[in-house]
Every structure is written in structure tokens, then in C-alpha cells.
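Welcome! Have a look at the chain first, then work along.

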Amino acid sequence: MGLLVVPALTDFTTEVSAPPGTEVLDLNARMTARLADPVRLRDRAGRLAASEALFARAAAARLERGGDADAGRLRAVGLALRLADDPAVRLTLDDLELTEGTTQRSRDVLRAATTCRLFEPELEEAERAAEARRAWILVDADQALPAAFQLVERLGPDRSTLCGAFAAAHAEALRRIPELAGVEVLAWSPNRVVRPEPPGAREQVVWVTGTCARRPAGPWAGWLDADHAAALPRDVLDRCRGLTVTVTRFASPTSATGMDGTEVDLRPVLNGLPSSAPVSFELVVGAPGMDESVVDQSVQALTDDGHRLAGLRPYRMECGSTWAGEALCLGPDPSHDLARWSRFEAPRTLTPTRARDLVAAWLDRLARHADLHPGRLAACTLAGPAPSADLRWDDSAEIVTGPDGAHLVNLRWGRAFRLHPRLVPVVRRLAAREPGALDALSGESRARLVKHLRQAGAVGG
């Protein structure tokens with residue numbers, strides 16, 4: 001293998017562990033760094049509506065402070081990706097959507113690839129790097145399809161090989177696309193490892209997701225379905241550096257339901273993990289037979305009993321999967337030649353719209369204070385919960401100035417609050433972590449300010 005190209009959009013907190021002698025061109029990491037450049041963000045802020053401009057300036061301020069990939073920095077990067085302006089695609093921290101159609105239909109992806117301009121600098125770099133060589137284009141997920149299709153068009157099908165988990169799962173469908181005629185599709189996929197923080201860290205941690213079909217031999221971290229996590233042997237758990245478990249229902253560690261409807265006991269997992277390995281739970285809303293009461297009870301159990309809730313997302317039934325309860329699988333949409341999700345029917349099931357609304361409502365309710373993950377990223381799973389301290393300033397809160405004065409912007413909650421001019425200096429000192437920042441305030445004034453800052457989600461402890 002000569003040149004392995006990693007197109008956008010993939011998890012930028014991971015990197016490919018390529019075979020010896022392979023040149024890796026990570027276009028995704030380069031695009032992320034370009035879009036999250038604080039100078040670019042501040043320039044973009046000048047062309048946005050007032051409310052959006054505040055968040056762009058807050059993200060730029062957080063990125064300028066540097067530091068490791070903590071939650072605040074990741075949220076700032078996520079906001080930079082959301083502000084990327086393109087007629088064909090929309091980005092979030094961990095996802096790519098087409099402005100028209102779906103990545104489950106190749107015609108829609110091809111149409112988006114003809115009009116997408118977002119990846120232009122990185123695609124030009126790939127052309128220069130490839131020269132006359134064959135390029136292996138890594139497509140581990142559907143989010144990489146628009147950039148991958150653009151690369152094939154630029155390099156030519158005869159010099160392009162599609163590889164990766166998604167390419168392997170949809171090899172026959174990809175070969176039937178006329179525009180990809182002549183492209184080689186191989187079922188090879190390299191390991192991903194968590195990008196070290198700080199760079200140069202010695203331990204290499206393999207990143208695994210979904211079914212964990214290939215169990216790593218060394219240190220690993222993962223985002224796994226509950227039923228697959230429960231099946232991990234003790235020797236694999238011993239080497240875990242961080243784990244996020246996906247559940248569709250959670251009553252307690254002894255009674256949780258995975259993505260296939262199977263009820264599992266997660267106590268052996270929790271007991272088998274090293275004490276240093278952070279554990280969190282992602283709740284998936286809208287699975288067959290899981291009505292609103294199940295969601296409410298699960299959130300309550302995960303937030304009241306000392307467990308860490310990573311976040312919530314809507315349920316979608318993966319093609320080829322099964323469900324242990326009452327559910328009628330209707331198969332994928334016939335027009336989706338790159339289908340990932342199957343339609344289904346089941347009693348006592350939330351509609352997709354209601355599931356999305358419920359997720360949004362719970363996220364808004366929890367985000368002010370809960371230590372939710374910014375996205376489905378490897379770095380989030382390895383990061384432990386935020387430290388608890390008296391008046392700990394939240395790393396997702398920034399003080400920025402707008403046309404009408406200074407504002408406290410909470411990147412985690414998505415809210416901004418205008419500060420009274422008299423309070424700006426003292427709040428800035430608190431945000432700068434200055435010792436005794438509030439000492440000049442009287443007891444009553446201090447208590448009032450702290451109350452407001454807590455309500456804004458700017459301080460913890």
C-alpha cells in the first residue's frame with residue numbers, strides 16, 4: 001500500500017494506524033483544523049447575525065486558549081463545523097448531512113458531490129500528493145461519502161480503491177454505481193487509535209465501536225452496545241481505558257436493554273473495568289416498545305444513581321439487525337441503495353418525530369449542568385467527568401463582547417446572557433480562574449451573582 005487517504009467527515013480525535021510503509025494523508029484532520037481556526041471564526045462572526053456571532057466569538061476565544069481536547073474545546077470545534085457554509089452538506093461535531101436527500105441514496109450523494117465546495121483545499125492537496133499513484137480512500141462511515149466520491153472523480157476510478165467498514169458492507173452497491181465503474185472496493189479496514197493528548201504520549205489506545213468484532217490485543221477504548229459490552233471477557237475489560245455503553249432502557253446496572261432488545265446485566269462489566277477507566281451511558285430514544293415513560297425512567301435512573309449520562313439520540317434500526325421483543329421489520333426504503341436503516345413497526349413505540357422532540361427536550365433540560373459528551377467522539381469516552389470544586393468555572397463558558405455589551409456564552413447549553421456592565425470585570429476575573437476573584441463583593445452580592453452564574457450553567461461545584 002502506498003497512499004491511504006482519510007476523507008472528511010470522521011472522528012478527528014482518532015487517527016489511522018496504518019501498515020508500515022504507508023503514507024497517510026488525513027484530510028479530515030486538516031479540514032477540521034482549517035474550519036476551527038480562531039482567525040477564520042472571528043472573520044466569520046463579522047458576517048453572521050448578532051446571536052450567532054456571539055457564539056462564533058466564544059468558540060474562537062475557547063480555541064485561542066488551546067489546551068487538550070477537553071469538552072469545551074470540542075464544543076468550540078463543533079460550533080466551527082456547524083458554521084461552515086456549503087450548499088450541499090451540513091456538518092456537526094460528529095455527523096454530516098446532505099442539504100437535499102440522504103447519504104443512503106447514491107444519487108443524492110453524487111448530486112451533493114458535484115456542488116460541494118467545503119473540502120476543496122483538502123481535495124487539491126490529495127491530488128498533489130497522489131500524483132500518478134493509486135490512492136486507498138478510507139470510507140468507514142457514510143459521512144465520508146461526499147468527499148470520497150469527489151476524490152474518485154478527481155483521481156480517476158482506475159487510480160482509486162475504496163476501503164473501510166462502510167465500503168466493505170456496501171461493496172456490491174458501490175460497484176453498481178456507474179460513476180464509480182472501475183473503482184476497486186476492498187473489505188480491508190485499518191484500526192483507529194485515539195489521537196494522543198498530549199501529542200507524543202507513549203500508549204496507543206485502539207478505538208472500537210458497535211459490535212467490537214475485532215477485539216484489540218492491547219489497550220483500547222470503545223463506544224459499544226450494551227449486549228456486546230456485556231459479552232466482553234475479563235481479560236479484555238482489564239485493558240479498557242474508557243467505555244461508553246449504549247442502552248435503549250436503563251433501570252439499573254442489573255437491568256438494561258441493548259440495541260437488539262436483549263436485557264443484560266452490566267454489573268460484570270462495571271466490576272471488571274479498571275477503576276481509572278471512565279464509564280458513561282448513552283440513552284437511545286424510540287426503540288421498539290420503549291414509550292415515553294421508559295425514557296423518563298431511564299434518564300432518572302442514570303442521573304440519580306451516580307451514573308454518568310453521555311447523552312441521548314434517536315433510535316434507528318440498523319439493516320440486518322434483529323429485535324428480541326415485539327417488532328415487525330419492514331426492511332429499508334427500496335430507493336436506498338446504500339441503506340443503513342430499516343423501517344419497523346411495534347406497539348407502544350414513539351414516532352420518529354416524537355423521539356427527536358423528546359431527545360431535544362431532555363438535552364436542553366440536562367445541558368445546563370450535566371456533564372454530557374459533546375459528541376460521539378473517542379476523546380469524550382476517555383475523558384473523565386469534570387472535576388468538582390467550589391465555584392469551578394465551566395470550560396464551555398466564555399465572556400465575549402457584542403454590540404450591546406459583554407455576554408456570558410455557554411457553548412454546552414447553547415445559551416447567551418448579557419452581563420450588567422458593573423459585573424463584567426469581576427466575572428472576567430472569575431473566568432480567568434483568578435484566586436479570590438469574588439472577594440471584593442459583599443456576602444449578599446456574591447451570593448446573588450453566584451446564583452445567576454449557576455443558573456446560566458457557567459459555574460459548577
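Two strands pair if DSSP finds at least two bridges between them. Helices (H or I, at least four residues) and strands (E, at least two) are DSSP runs, numbered from the N terminus. The model is predicted, with local features needing pLDDT of at least 70 and side-chain atom pairs counting only at pLDDT 80 or more, while totals for chains, interfaces and linings use all residues. Residues are numbered from 1 along each chain as its sequence is written, and side-chain values use heavy atoms, leaving out hydrogens and water.

**Exercise 1. Find how many helices and strands the protein chain has, and check its radius of gyration against that of a compact globule.**

Step 1. The protein chain holds 17 helices and 25 strands.

Step 2. The radius of gyration is taken over C-alpha atoms, and the globule rule is 2.2 Å times the number of residues to the power 0.38. For 461 residues a compact globule would come out near 23 Å, and the chain's 23 Å agrees with that.

Step 3. The C-alpha trace spans about 75 × 50 × 45 Å along its principal axes.

**Exercise 2. Work out the strand order of the open sheet of five strands and say which strands stand at its edges.**

Step 1. The order is β3-β1-β6-β7-β8, and the pairing is parallel.

Step 2. β3 (23-26) and β8 (184-185) are the edges; each has a single partner strand, so one side of each lacks a neighbour in the sheet.

Step 3. Now look inside the sheet: β6 (residues 135-138) runs parallel to β7 (residues 160-163), joined by four bridges. Leucine 138 stands opposite cysteine 163 in β7.

Step 4. Helix α1 (residues 27-35) lies across β1 (3-6) and β3, at about 30 degrees to β3. Axes here are lines fitted to C-alpha atoms, for helices over the stretch in contact, and angles run from 0 to 180 degrees between N-to-C directions.

**Exercise 3. Trace the open sheet of seven strands.**

Step 1. Its order is β2-β9-β10-β11-β12-β16-β17, with mixed pairing. The edge strands β2 (14-17) and β17 (309-314) each pair on one side only.

Step 2. From one strand to the next, the twist averages 25 degrees.

Step 3. β2 pairs with β9 (residues 191-194) in the antiparallel sense over four bridges, and the bridge partner of glutamate 15 is valine 193 in β9.

Step 4. Helix α13 (residues 292-304) packs on this sheet, touching β16 (279-285) and β17, and its direction makes about 170 degrees with that of β16. Contact means heavy atoms within 4.5 Å.

**Exercise 4. Describe how α3 and α4 pack.**

Step 1. The axes of α3 (residues 50-64) and α4 (residues 71-82) are 9 Å apart, at an angle of about 135 degrees. That makes α3 oblique to α4; angles under 35 degrees count as roughly parallel, over 145 as roughly antiparallel, 65 to 115 as roughly perpendicular and the rest as oblique.

Step 2. Residues making the contact include Phe55 and Leu63 of α3 and Ala76 and Leu79 of α4.

**Exercise 5. Locate two backbone details, at leucine 9 and arginine 348.**

Step 1. Alanine 8 and leucine 9 are joined by a cis peptide bond, with omega about 10 degrees. Leucine 9 sits in the loop between β1 and β2.

Step 2. Arginine 348, a residue other than glycine, has a positive phi near 60 degrees. Arginine 348 belongs to the loop between β20 (341-345) and α14.
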